[in-house]
Amino acid sequence: MKSNLISKSETNVLLKTVSERWGIELPKMKNVKVHQILEDAQIITGKGIKILKVEDDYLPFLSETEMLEKFPSVTVDMGAVKFMCKGANLMRPGIKEFTEFEKDKLVCIVEESQHKFLAVGKAIVASSELDNMSKGEVIKNIHYISDKFWETGKTIYD
């Protein structure tokens with residue numbers, strides 16, 4: 001795995017892009033490192049931040065609980081957990097409760113008993129449609145506990 005520090009200007013562009021996409025103001029920081037983990041995936045680390053970049057999506061890394069709590073979330077029943085941890089998309093029947101979110105926005109998936117973050121995905125539908133749905137895909141699972149990024153990410157510290 002190749003890791004390198006990025007320049008101040010690259011850092012500013014990256015933080016601006018991520019802030020805009022997430023709708024969360026990220027603090028200015030120095031010494032941001034990019035770890036190339038796969039051809040189309042990187043883990044970006046800086047002071048108090050770990051971001052997973054997959055293709056063109058920037059995701060909060062699943063170990064970053066404080067950051068994950070700033071995103072909309074859905075709570076799933078225990079029956080959905082094993083599927084989520086194998087990378088399945090989230091289906092409507094598995095959802096117990098949810099906060100408001102828009103289509104195509106990032107949503108965190110939390111399990112109901114311990115309230116642990118299981119996955120981060122992209123909304124296929126807006127939360128406003130969920131009350132009228134009884135089945136179908138709701139969230140595309142992009143990053144989940146035990147995926148290839150998770151295992152590599154556990155070995156990377158800022």
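**View 1. An open sheet of five strands in the predicted model.** The five strands follow the order β1-β2-β3-β4-β5 and pair in an antiparallel manner, where pairing requires at least two DSSP bridges between two strands, and where strands (E, at least two residues) and helices (H or I, at least four residues) are DSSP runs numbered from the N terminus. At the edges stand β1 (2-5) and β5 (57-60), each of which pairs on one side only. Neighbouring strands of this sheet are turned against each other by 25° on average, with direction ignored, the axes being lines fitted to C-alpha atoms, for helices over the stretch in contact, and angles running from 0 to 180 degrees between N-to-C directions. Helix α1 (residues 8-22) packs on the sheet and touches β3 (41-46), β4 and β5, its direction making about 80° with that of β5; contact here means heavy atoms within 4.5 Å.

This is a predicted model, in which local features need pLDDT of at least 70 and side-chain atom pairs count only at pLDDT 80 or more, whereas totals for chains, interfaces and linings use all residues. Residues are numbered from 1 along each chain as its sequence is written, and side-chain values use heavy atoms, with hydrogens and water left out.

View 2. Four bridges join the antiparallel strands β4 and β5, and Val54 stands opposite Asp57 in β5. Glu55, in the loop between β4 and β5, has a phi near 50°, a positive value in a residue other than glycine. Glu55 is exposed, with a relative accessible area of 57% (exposed means over 50%, buried under 20%, partly exposed in between, with a 1.4 Å probe and protein chains only).

**View 3. Lys53 in strand β4.** Lys53, which lies in β4 (residues 49-54), is buried yet has no salt bridge, and the nearest side chain of opposite charge, Asp56, is 5.0 Å away. Leaving aside neighbours within four places in sequence, Lys53 is in contact with Asp40, Ala41, Gln42, Ile44 and Tyr58.

**View 4. Trp22 in the largest nonpolar core.** This core has 34 residues, and Trp22 and Leu52 have the most contacts inside it. Beyond its neighbours within four places in sequence, Trp22 has contacts that include Ile51, Tyr58, Met67 and Leu106. A nonpolar core is a set of buried Ala, Val, Leu, Ile, Met, Phe, Trp, Tyr and Cys residues joined through side-chain atoms within 4.5 Å.

How values were computed
Lys, Arg positive; Asp, Glu negative; His and termini not counted. Salt bridge = Lys/Arg side-chain N within 4 Å of Asp/Glu carboxyl O.
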